[in-house]
Amino acid sequence: MQRILHWAGQTFSSEASPEEPLYKVLERVGLPAGTEILTATTNGSIHELQAPVGDHVEFQLLGWDSPEGKYVFWHSSAHILAEAILSFFPKAKLSIGPPIENGFYYDIDFGDTPISPEDFERIEQKFLELAAQPEYFVRKKVSKEEALSYYQQRENPYKIELIQELPPDDITFYESGNFVDLCKGPHLWHSGPIRAVKILSLAGAYWRGDSRNPQLTRVYAISFPEKALLEEYLHFLEEAARRDHRNLGKQLDLFSFHEEGPGFPFWHPKGMRLLTALQDWMRAKLLRSGYEEIRTPIILTQRLWEQSGHYENYRENMYFTTIDEEPYAVKPMNCPGSTIIYRSRLRSYRELPLRLFEFGLVHRHELSGVLTGLFRVRAFTQDDAHIYCTPEQIEPEITALLQLVNEVYEAFGFSQREIYLSTRPEKYIGSLELWSQAESALEAALRKSGFTFQINPGEGAFYGPKIDFVVRDSLRRRWQLGTIQLDFSMPRRFGLEYIGPDGQPSTPVMIHRAILGSFERFIGVLLEHTAGELPLWLSPIQVKVLPVSEKFYAYADEVGKALAQAGIRWAVDKTDEKLGKKIREAEQEKVPLIWVVGAKEAESGTVSIRDRRTRTQSEGVPLAQAVQDVLQASQPPI
RNA sequence: GCCAUCGUAGCUCAGUGGUAGAGCACUUCCUUGGUAAGGAAGAGGUCGCCGGUUCGAUCCCGGCCGAUGGCUCCA
């Protein structure tokens, strides 16, 4: 039978019998089987190189560049890692070891002899020795009894549990070297291409992700076909660490965290300048887009949260207090407050859509172990809004919202975006008719706006479908920011109504939406995206004035006054240091514009500008013109 | 909350069973300087908190607090 192979844009063909393994076919036509070519797909599913070709005709051959190649590569690496670990920890019990987005892990019960980071080096060395032999991955079909008795001998309850849940006629072991593991595959033909490995970290992980189960040790690692690729990856990790917003927050004196309030950020003066610049911009933009601003109380009576359903479903994450012997709760969300304003008087259909936004400060009790800088905090300010509209208005509202979201992300240079539409889950409230109307409105709006999006079937909230927005930063990391959620539940729970043209009351649809998500988290993302080099319009200090010596303080103050009058954020450095030192400090502060003033400038009423963004200098710019230039350059995007 | 690792000066970190150090920052003095660190002196720590072992603990042990990496990527 004739087989067709696709590799690197070329097509090859060869005769092969069904029993012949795929790698033999490759070798016959002179392709780099098992070195550059790691695996293959046929009809969209992975076909191992060592597997007989069977009656498949067409094969797409895949290397390191493909997700499937990496998947197989890392899956096999997990086996080698387990083998290497077992050589030092013979009593360790394996559970599962899958490939992940960046590398792979293995969850292992180390019993009484725990692994520590000091063991990493010798395990890595052992790993490379094993991989270099190389080890061939051999698939073996075994009976359920065989499989069970193998792991009963080794007293491994995890594998036994897994086997018991498997169909009896579809259990496979993979052998590689002296190592055997229960595994469905697929794997590399052999370990030869695995030439570099790094054990990254240890973490606790519950067996099957359930906190009632025993906790295993998860060993994270990553492997590569070239040492240079590992180096590159380690550089990426270093760069990510350099951009860590927690470090930048400290270095740039923006915010801090303290034992006195774990998970509650303290905003310093420069951080507040950034936060308010961001909020001012957002506020102006929303007011221009047909929104009205509201503010609702932080503490509200517990009865309200019982009515909204939060008390029942979200109590674990809420803070409670007592006022005049009555139970109250600190708001974890802004929506109930918004509905109170909605129903504060009778509403007409003529008012809809009613768009109310609130920069709402919410408090949520997050588990202590999940707190992470500004990314996961216990108090944050959402750029929240609630749109009350009729079912017919959903589509135009979503269309307008998509445009708004687009403009906002574009303003920060988040040009790579992913959009997800989540549809009706199994458990839902509201009528099927309303759901399908809403889902098709969301989809129609997305299509009309020309955005590419993915559908996550059944992933919507029980109270309505939603759209989620994910951006990629300059290091290509993914961040979920905005969300648009339709809500059929809350308007009913709170008895919201509007009077229609026929004089009869109807229930509005509520759209919850946040674009940045929370200002705190967004600032964290923005700091990592820009490595702290914020755009001029957001910089806490836009211009730093550096007098060459004490003699020019008076002129520096004059310059500062001009900046202040123009509404530009500025600072002057009056430390007793030489100019070089002041420049260095200002550069490390990541100030976009440095204005040097000395004898020449004072005399001629000019400034000498050092621009961080263009790495250029221009001397003798008249003060008035320099101020105008900054004003113009610091205009926020639309 | 659970697991692992960590917690020494404002920051970054070194160090030891016999009550502690560096660089930067800070204060003072000298210096009045032209595009990424001028010089000198000084001040600053109950070595996260509580308890235990010890003649003696920052160091060893336990608990607590906080931080970091993880904890629905399922053979």
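**A walk through chain A**

In chain A, 69% of the contacts with a separation of 6 or more are between residues 24 or more positions apart. This is a predicted model. Keep that in mind as we go.

Start with the whole chain. Chain A has 638 residues, and buried residues make up 51% of them. How many helices and strands does chain A have? There are 19 helices and 33 strands. Along the principal axes, the C-alpha atoms fill a box of roughly 85 × 75 × 55 Å.

Look for strand S3, which covers residues 39-42. Thr 41 is found there. Is Thr 41 buried or exposed? Its relative accessibility is 12%, so Thr 41 counts as buried. The cut-off for buried is under 20%.

Next come two helices. Helix H2 runs over residues 67-88, and helix H3 over residues 120-132. Their axes lie 9 Å apart. The two helices pack at an angle of about 120°. H2 and H3 are therefore oblique to each other. Angles of 65 to 115 degrees would count as roughly perpendicular, and those over 145 as roughly antiparallel. The crossing of H2 past H3 is right-handed.

Which residues make this contact? From H2 come Ser 77, Ile 80, Leu 81, Glu 83, Ala 84, Ile 85, Ser 87 and Phe 88. From H3 come Arg 122, Ile 123, Lys 126, Phe 127, Leu 130 and Ala 131. Sorted by class, the contact has 9 nonpolar, 2 polar and 3 charged residues.

Finish at Arg 345. Where does Arg 345 sit? Its place is in a loop. On one side of the loop is helix H11 (335-342), and on the other is strand S20 (354-363). Arg 345 has 48% relative accessibility, so it counts as partly exposed. The side chain of Arg 345 is joined to that of Glu 351 by a polar contact of 3.1 Å. Now find Tyr 498. Arg 345 and Tyr 498 are 153 residues apart along the chain.

Terms used:
Residues are numbered from 1 along each chain as its sequence is written. Chains are lettered from A and ligands numbered from 1 in the order in which they are written. This is a predicted model: local features need pLDDT of at least 70, side-chain atom pairs count only at pLDDT 80 or more; totals for chains, interfaces and linings use all residues. Side-chain values use heavy atoms; hydrogens and water are left out. Axes are lines fitted to C-alpha atoms, for helices over the stretch in contact, and angles run from 0 to 180 degrees between N-to-C directions. Helices (H or I, at least four residues) and strands (E, at least two) are DSSP runs, numbered from the N terminus. Angles under 35 degrees count as roughly parallel, over 145 as roughly antiparallel, 65 to 115 as roughly perpendicular and the rest as oblique. A crossing is left-handed if the near helix is turned anticlockwise from the far one by less than a right angle, and right-handed if clockwise. Contact means heavy atoms within 4.5 Å. Ala, Val, Leu, Ile, Met, Phe, Trp, Tyr, Cys and Pro count as nonpolar, Asp, Glu, Lys and Arg as charged, and the others, Gly among them, as polar. Buried means under 20% relative accessible area, exposed over 50%, partly exposed in between (1.4 Å probe, protein chains only). A polar contact is a pair of N or O atoms within 3.5 Å; within protein, one must be able to donate a hydrogen and the other to accept it, and residues adjacent in sequence count only if both atoms are side-chain atoms.
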